[in-house]
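Here is a short tour of a protein model, written for someone new to reading structures. Keep the 3D view open and click along as you read.

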Amino acid sequence: MNENWKPATRLVHAGQTRSEHGETSEALYLTQGFVYDSAEAAEARFAGDEPGYIYSRYANPTVSMFEERMRDLEGAEAAFGTASGMGAISSALLCDLKAGDHVVAARALFGSCRWVVEKLMPQFGIETTLVDGADMDAWKAAVRHNTKTLFLESPTNPTLELCDIAAVAALANENRARLVVDNVFATPIQQKPLELGAHTVVYSATKHIDGQGRCLGGIVLSDEEWLNDHYYDYFRHTGPSLSPFNAWVLLKGLETLPLRVAQQTANAAKVADHLAEHKAVSRVIYPGRDDHPQAELAKRQMTGGSTLVAFELAGGKASAFAFENALQLVAISNNLGDAKSLITHPATTTHKNLSDADRDTLGISPGMVRLSLGLEDADDLLADIEQALAKV
Ligand SMILES: *Cc1c(COP(=O)(O)O)cnc(C)c1O
């Protein structure tokens, strides 16, 4: 690897270790274990005196290639691939917390993340406080002497609200706490939380990194010291490990990630501008538009406007359902980041477990839909949206 190579080049080449066969594509090492030349060699490897693989729950050559390519992209010291985004997030949060510790999290979180913070952590005696992630005073007021971890997602799901990552990271440093950022919605192309001061970044690789709706995966990226001293034993002994097959699919996904994110973002921007002019739409939320309430922050910490658009239909739930059902090209799905455009009604699907009051606080109204833009031609997407809006 030439250190001067640019990100697009590195996403095709970084981390590849060729076998003695000189294969072009990354090799898929679909194996559970590894054999040793002698009993002495096994002893040396277990003692850590000799490098090499032991068991695929700990590490695997194909998974290592994916981890190295992601590490290079993110600018992190080290990385661990995981079976899913939730495998990454739950392990990154739980591995160094104990009873009596305190966690502050932005309340606009992916549903399962919110369950981990609100329901699971208190079962183990970990105290948690949820705050309005866009309100720095709320973050400051929530931090206590025993606060160990701050956790946020930006932009948030589904209302595409932003948190000021640099400001929350500074608050974490003042309190000797760590900031964990779920960077799924921004993608590693559009936002670099470690450069903004975050301590750990987590992804669901299921979304844009695969980007073609095939397999689950996740990754935890951080400094080497924390991953070695606080994360590795938890990971090794609880087993959220990434399948080598899925790692191989994700490696191929990384090769086209910048192209896909650029095209999906261009589609999202066009759709957002179109929706903003439509009378059936009462509100459009898109971080790349100047009318986004945090447009200035979006320009400061993101290099693109997101591949997703959220918007509200003036007629509430009935209109949202009529719109979804009338779409012919865009499919109804709770997934996102796919090559295929997907639409979700958060209030009745991804966020149905929240109380009405919690949904109100988050701004998830009955008329709101979340659109994840794919790789289709923008003209076809606009035509589909137009004909569906006409039926609302
Ligand atoms: C999908 C998603 C997750 C969970 O990822 P899985 O791969 O489904 O486990 C976490 N956070 C965000 C923001 C997501 O979109």
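## Before we start

This is a predicted model, where local features need pLDDT of at least 70 and side-chain atom pairs count only at pLDDT 80 or more, while totals for chains, interfaces and linings use all residues. Residues are numbered from 1 along each chain as its sequence is written, and side-chain values use heavy atoms, with hydrogens and water left out.

Let's begin with the backbone. Most residues other than glycine have a negative phi, and most peptide bonds are trans. Now look at the loop between β4 (147–153) and α7 (165–174), which is where Pro155 sits. (Helices are DSSP runs of H or I with at least four residues, strands are runs of E with at least two, and both are numbered from the N terminus.) Ser154 and Pro155 are joined by a cis peptide bond, with omega about -5°.

Is Leu160 buried or exposed? Leu160 is buried, at a relative accessible area of 0%. (Buried means under 20% relative accessible area, exposed over 50%, and partly exposed in between, using a 1.4 Å probe and protein chains only.)

## Thr187, in a helix

Thr187 has a positive phi as well, near 70°, and is not a glycine either. You'll find Thr187 in helix α8 (residues 187–190). With 1% relative accessibility, Thr187 counts as buried. Leaving out residues up to four places away in sequence, Thr187 touches Tyr203, His208 and Val261. (Contact means heavy atoms within 4.5 Å.)

Which residues is Trp226 in contact with, apart from its neighbours within four places in sequence? They are Ala92, Cys95, Asp96, Arg178, Thr200, Val220 and Tyr231.

## Two helices that cross

Two packed helices are described by the angle between their axes and the distance between the axes. For α3 (residues 61–74) and α10 (residues 244–276), the axes come within 8 Å and cross at roughly 30°. (Axes are lines fitted to C-alpha atoms, for helices over the stretch in contact, and angles run from 0 to 180 degrees between N-to-C directions.)

On the α3 side, the residues making contact include Phe66 and Arg69, and on the α10 side they include Trp248 and Glu255.

## Cysteines without partners

A disulfide is a covalent bond between the sulfur atoms of two cysteines. Searching the whole structure turns up zero disulfides, counting a pair of cysteine sulfur atoms within 2.5 Å as one. For Cys95, the nearest cysteine sulfur belongs to Cys113, 15 Å away. Cys95 is buried, with a relative accessible area of 14%.
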